[in-house]
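Subject: Structure handed over, with notes

Hello,

Here is the structure for you to look through. Please open it alongside this message.

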Amino acid sequence: MTSRLLLAIDQGTSSSRTVVYDDAINVVASAQREFTQIYPQPGWVEHDPEEIWSSVEVVTQEAMQQAGARAADIAGIGITNQRETTLIWERQSGRCIYNAIVWQDRRTAAHCDALKQQGAECKVIERTGLRLDAYFSATKIAWILDNVDGARELAATGKLAFGTIDCFLLWRLSGGRVHATDATNASRTMLFNIHTQAWDEELLELFNIPAALLPEVMDCAADFGTTDDKVLGGAVPVCGIAGDQQAALIGQAGFEYGMTKSTYGTGCFAIANTGDKALESHNQLLTTIASRLNGDVDYGLEGSVFVAGSAMQWLRDELCIIDSAPQSGDIATRTGIVDDVYVVPAFAGLGAPYWDPHARGAIVGLTRGSGRDQIITATLQAVAFQTRDLVDAMADDGIAPSVIRVDGGMVANQWFLQFLADILDITVERPMNVESTVLGAAYLAAYQCGIIRTTDEIAKLWRLDTVFEPSMSADQREMLLSGWAEAVGRVRSTVAGSP
Ligand code: ADP
């Protein structure tokens, strides 16, 4: 066999996965493993970097074994990853000086608030497209430097390296030879100027982070070096990297201006491709780098909803009114659209476009006739209403999608997708392969190693499974949307998030 297989590593928040593809981008083998979530204090979330690395090693070896592949059979590796999660390690030993601080971790919220008080947020938004928030890497880096003994001294002398998960995996895969990341991951650190495509010195100063820590920033498809012989038993080129949501947009072939994808897993993440324009949001969406290929940047406008599929887990595990997430589809089908009960699943506050961390969930509009089936259906409907809020915000910012491509575990639910099309009043397309994230990493690797030559070829590989057209009357849609707006109004805190 010549080197015609591709290996895509998807290092996510709850599990690591490796998929082996053939050169027609068909799945040949796949392995997945969950790892430990560490919650040292309320609001803190960490991962053990050694467990992350060993989980990636194990699933990669398993997938290669299943495929009967040796290192020499692999043409290239693509990596996609949970974004923003922060690691710092010693360049000499490769040892991390602290656990990975996960994107969900809120320990630096007070630091962010203090910087906002000083009026720093405008500069951050203007240069990075992000809000000044604890989700992003910058304040997490500063926290590690300030809380690990001796870290600041080591950082100042260039002995430490910072990386998001992609960068850490690349370092380990290359046997400590390559310290690099890609532009999509860099764009989530709150240190990268998305207009100049360079680390921003003023932001480094603002967050008190030495430049010596930072990796080189490359295109998403690039020569990231080769794996060390000891890792996979041979030198395999690493040739694609993108953060998970951007990889999903690539997996959905979202290369054209206006193309939009929405991923429904635990939460919901929507990104619209805005081409070479970095649109500034007036609705608290994020401006980000959607992809960078051959030096050309496509920008994206991104909105996230914290609770999507996890609302089904809440119905299953806390309310105990469904046995499994898929059951929600059967129940909604027999119940039909619910127009009096609204579930607002603001369990962890409200994301875009509200950014209200103090909001909490509610069920409103209950009457004597409301029961389990209405609550289940209304919970599914809430995910569609929240997507509508994101799409409205995008439209108001200047990019109104006419079609939305969906992926993630929840899109197995046909009823949900029809309701989504009805509420968005746009076409919803579900592809055959709904594993867009890992597929995006494979496409990047294929592009760099010449198996795929153009993004048009990627677009041709995209296969439609089902299309959902809006069929609801405008009156009914308006009535439902106004009910939703009223329900959201009831849960919003008086201290809403700042701009
Ligand atoms: P993640 O990658 O965030 O772990 P996945 O893409 O694997 O998530 O999707 C899993 C989520 O999808 C779970 O939260 C689950 O409740 C939800 N889910 C799975 N199947 C269905 C379904 N048929 N209807 C509604 N939700 C579903």
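This is a predicted model: local features need pLDDT of at least 70, side-chain atom pairs count only at pLDDT 80 or more; totals for chains, interfaces and linings use all residues.

**Ligand site**

Start with the ligand. There are 13 residues around it, and those that come nearest are Thr266, Gly309, Gly409, Met410 and Asn413. Sorted by type, the shell has nine polar residues, four nonpolar ones and no charged ones. Which helix gives the most to this shell? It is α11, residues 309-317, with four residues.

Glycine 409 uses its backbone, with an N or O atom at 2.8 Å from a ligand oxygen. Serine 310 also comes in through the backbone, where a polar atom is 3.4 Å from an oxygen atom of the ligand. As for burial, the ligand taken alone exposes 580 Å², and the protein buries 69% of that.

**Five-stranded sheet**

Next, an open sheet of five strands. Its order is β3-β2-β1-β5-β13, and the pairing is mixed. On average, neighbouring strands here are turned by 15° against each other, direction ignored.

Within this sheet, β1 (residues 5-11) and β2 (residues 15-21) pair antiparallel over six bridges. Leucine 7 has valine 20 in β2 as its bridge partner.

Two helices to check here are α1 and α6. Helix α1, residues 49-67, packs on the sheet and touches β1, β2, β3 and β5 (74-81). The direction of α1 makes about 150° with that of β3. Helix α6, residues 165-173, also packs on the sheet, with β1, β5 and β13 as the strands it touches. The direction of α6 makes about 145° with that of β5.

**Seven-stranded sheet**

Now the other sheet. This one is open too, has seven strands and mixed pairing, and runs in the order β16-β17-β15-β14-β20-β21-β22. Which strands form its edges? They are β16 (286-293) and β22 (464-468), and each pairs on one side only. Neighbouring strands of this sheet are turned by 30° against each other on average, again with direction ignored.

Strands β15 (residues 268-273) and β17 (residues 296-305) run antiparallel and are joined by six bridges. Look for phenylalanine 269, which stands opposite serine 304 in β17.

Helix α10, residues 244-251, lies across β14 (260-264), β15, β16 and β20 (403-407). Helix α10 runs at about 55° to β16. Helix α14, residues 414-424, lies across β14, β20, β21 (427-431) and β22. Helix α14 runs at about 150° to β21.

**Backbone details**

As background, most residues other than glycine have a negative phi, and most peptide bonds are trans.

- The peptide bond from alanine 352 to proline 353 is cis, with omega near 0°. Proline 353 sits in the loop between β18 (342-344) and β19 (362-364).
- Tryptophan 355 is not a glycine, yet has a positive phi of about 40°. The loop between β18 and β19 holds tryptophan 355.
- Glutamine 197, not a glycine either, has a positive phi of about 60°. Look for glutamine 197 in the loop between β10 (192-193) and β11 (198-199).

Best wishes

Definitions and conventions: Residues are numbered from 1 along each chain as its sequence is written. Side-chain values use heavy atoms; hydrogens and water are left out. A residue is near a molecule or strand if one of its heavy atoms lies within 4 Å of it. A polar contact is a pair of N or O atoms within 3.5 Å; within protein, one must be able to donate a hydrogen and the other to accept it, and residues adjacent in sequence count only if both atoms are side-chain atoms. Accessible areas come from the Shrake-Rupley method with a 1.4 Å probe; for residues, only the protein chains shown count as cover. Ala, Val, Leu, Ile, Met, Phe, Trp, Tyr, Cys and Pro count as nonpolar, Asp, Glu, Lys and Arg as charged, and the others, Gly among them, as polar. Two strands pair if DSSP finds at least two bridges between them. Axes are lines fitted to C-alpha atoms, for helices over the stretch in contact, and angles run from 0 to 180 degrees between N-to-C directions. Contact means heavy atoms within 4.5 Å.
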